[in-house]
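Me: I should like to learn how to read a structure of this kind. May we take it one feature at a time?
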2 protein chains.
Amino acid sequence: MTYCVGMLLDEGLVMASDSRTNAGVDHIATYRKMTVWERPGERLLVLLAAGNLAVTQAVVNLLNEGVGEDDRTLDDVDGMFDAARLAGEAVREVYRSDGALLREFGSEFNPSFILGGQFAGRTMRLFQVYAAGNFVEATPETPFFQIGEIKYGKPILDRALDRATSLTDAVKLALVSMDSTMRSNISVGLPIDLVLCERDACRVKLHRRIEHDDAYFDEISRRWSQALQQAYQHLPDPAW
Amino acid sequence: MTYCVGMLLDEGLVMASDSRTNAGVDHIATYRKMTVWERPGERLLVLLAAGNLAVTQAVVNLLNEGVGEDDRTLDDVDGMFDAARLAGEAVREVYRSDGALLREFGSEFNPSFILGGQFAGRTMRLFQVYAAGNFVEATPETPFFQIGEIKYGKPILDRALDRATSLTDAVKLALVSMDSTMRSNISVGLPIDLVLCERDACRVKLHRRIEHDDAYFDEISRRWSQALQQAYQHLPDPAW
């Protein structure tokens with residue numbers, strides 16, 4: 001299972017992914033689910049992927065090697081919309097080549113992607129690309145997308161995240177959301193890849209790989225548990 | 001959709017269910033998903049149900065009217081294990097009569113139940129009954145069961161609920177868990193049925209139907225949102 005979240009805020013982008021891959025309990029591996037394409041100051045693209053790993057890796061490979069008859073790569077796109085469209089075309093190309101046989105072997109064709117980034121002089125944008133190759137864009141009212149095991153980590157984002165949230169607060173929310181998911185679903189696991197990009201910089205401000213025994217993440221996890229326990233204990237008692 | 005939670009604590013039982021039933025956006029109704037059988041001081045049984053409403057109502061009807069060739073009802077059982085077994089048999093009887101045709105019409109046979117209660121002089125117990133009619137029992141390490149739309153409301157229970165939680169605190173946690181679910185999934189909705197039973201009393205201590213504009217529930221919901229927002233803002237900033 002996978003959990004990824006992408007946030008598009010006034011200050012910039014926060015993208016986070018876990019890296020647990022599993023095919024049954026006896027086959028658990030760690031794979032990077034985040035891919036970054038960066039020409040600092042010129043363009044930045046960050047892709048998060050969930051679903052069948054063979055499919056999502058094939059999509060990333062096509063984006064590097066060439067999609068369709070004219071072999072277009074992410075190097076050839078001229079903006080975020082064009083990039084999202086190419087990602088959708090790559091998904092459809094993999095579906096045409098692998099979809100039928102995957103189904104014969106009882107595997108679902110279920111990839112999903114979050115694609116965020118910016119081209120110099122243009123708007124920072126965030127998209128979610130579906131298995132059918134179509135996509136939607138984040139709006140000011142919906143500043144985040146989640147893919148994979150999304151439900152456990154959603155309530156805190158629904159309540160606390162909005163477009164004006166600072167990058168620092170968004171990092172805390174992403175880690176709390178990730179921690180809630182990992183606690184409730186053991187197939188989502190460390191390390192976490194976390195990337196921050198400031199608006200208009202077109203470069204990665206920070207990439208952090210949070211491994212086991214990361215002191216800051218452990219502290220967030222411990223203090224969040226404490227805070228939740230105190231919070232509910234401070235709720236008023238019912239009068240009835 | 002449905003969300004129900006049952007908690008077995010040192011002090012007693014807390015059972016809560018929403019009451020939204022839907023079959024598409026144009027058909028939303030309110031049905032009680034909680035059934036209570038009580039002979040005060042003698043025996044108490046509380047059943048929460050999720051899944052296809054025709055199936056879950058059929059199960060409740062069989063438990064009242066008679067299951068199997070000998071037409072046993074919940075009146076005839078002599079303890080909680082026997083009650084859980086009868087509920088499982090009722091589920092199987094409905095499956096045998098309706099399962100094949102439901103499948104032909106594209107409906108899933110997906111009922112699930114939480115059954116809690118106590119017989120005088122015996123142990124208070126809590127069971128989850130599956131669609132196959134088999135069941136599991138809550139243990140000191142796993143003091144709660146959820147059915148239906150369980151994920152949004154699970155993280156707070158995973159972090160804060162244990163067997164020693166007081167009934168009052170458990171009520172707050174049940175309402176917070178319910179509120180988190182209703183915020184993230186619009187097909188789970190008010191009113192909420194809430195029942196409290198003290199250990200060894202074999203009677204309902206409190207039944208509360210929480211409707212729209214319930215002042216206490218609104219207060220819990222509002223203060224919980226505030227508390228979460230304050231909690232994450234008080235987390236330490238990363239040093240990196």
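Me: Leaving aside its neighbours within four places in sequence, which residues is Ala87(A) in contact with?

Reply: Please bear in mind that this is a predicted model. Two residues are in contact if their C-beta atoms lie within 7 Å. By that rule, Ala87(A) is in contact with Val59(A), Leu63(A), Phe113(A), Leu115(A) and Val129(A) beyond its sequence neighbours. Ala87(A) is also among the residues with the most contacts inside the largest nonpolar core, which has 146 residues.

Me: Which residues of α2(A) are buried?

Reply: They are Met80(A), Ala83(A), Ala84(A), Leu86(A), Ala87(A), Gly88(A), Ala90(A), Val91(A) and Val94(A). Their cover includes α1 (53–65) and β7 (112–119) of chain A.

Me: What span should helix α2 of chain A have?

Reply: At 1.5 Å a residue, its 25 residues should span 36 Å, and the end C-alpha atoms are 35 Å apart, which agrees. Just after α2(A), Gly106(A) takes a positive phi of about 80°.

Me: How many residues does each chain bring to the contact between chains A and B?

Reply: Chain B gives 38 residues and chain A gives 38 residues. On the side of chain B, α5(B) supplies the largest share, 12 residues. By class, that side has 20 nonpolar, 7 polar and 11 charged residues.

Me: What rotation superposes chain B on chain A?

Reply: A rotation of 180° does so, with 0.0 Å of shift along its axis and an RMSD of 0.1 Å. That is the relation of a two-fold axis. The same surface serves both copies, since 100% of the contact residues of chain B recur in chain A.

Terms used: Residues are numbered from 1 along each chain as its sequence is written. Chains are lettered from A and ligands numbered from 1 in the order in which they are written. This is a predicted model: local features need pLDDT of at least 70, side-chain atom pairs count only at pLDDT 80 or more; totals for chains, interfaces and linings use all residues. Helices (H or I, at least four residues) and strands (E, at least two) are DSSP runs, numbered from the N terminus. Ala, Val, Leu, Ile, Met, Phe, Trp, Tyr, Cys and Pro count as nonpolar, Asp, Glu, Lys and Arg as charged, and the others, Gly among them, as polar. Copies are superposed by least squares on the C-alpha atoms of residues with pLDDT of at least 70 in both. A nonpolar core is a set of buried Ala, Val, Leu, Ile, Met, Phe, Trp, Tyr and Cys residues joined through C-beta atoms within 7 Å. A residue is buried if 20 or more other C-beta atoms lie within 10 Å of its own, exposed if 12 or fewer, and partly exposed in between; C-beta atoms are placed from the backbone. The expected span of a helix is 1.5 Å times one less than its number of residues.
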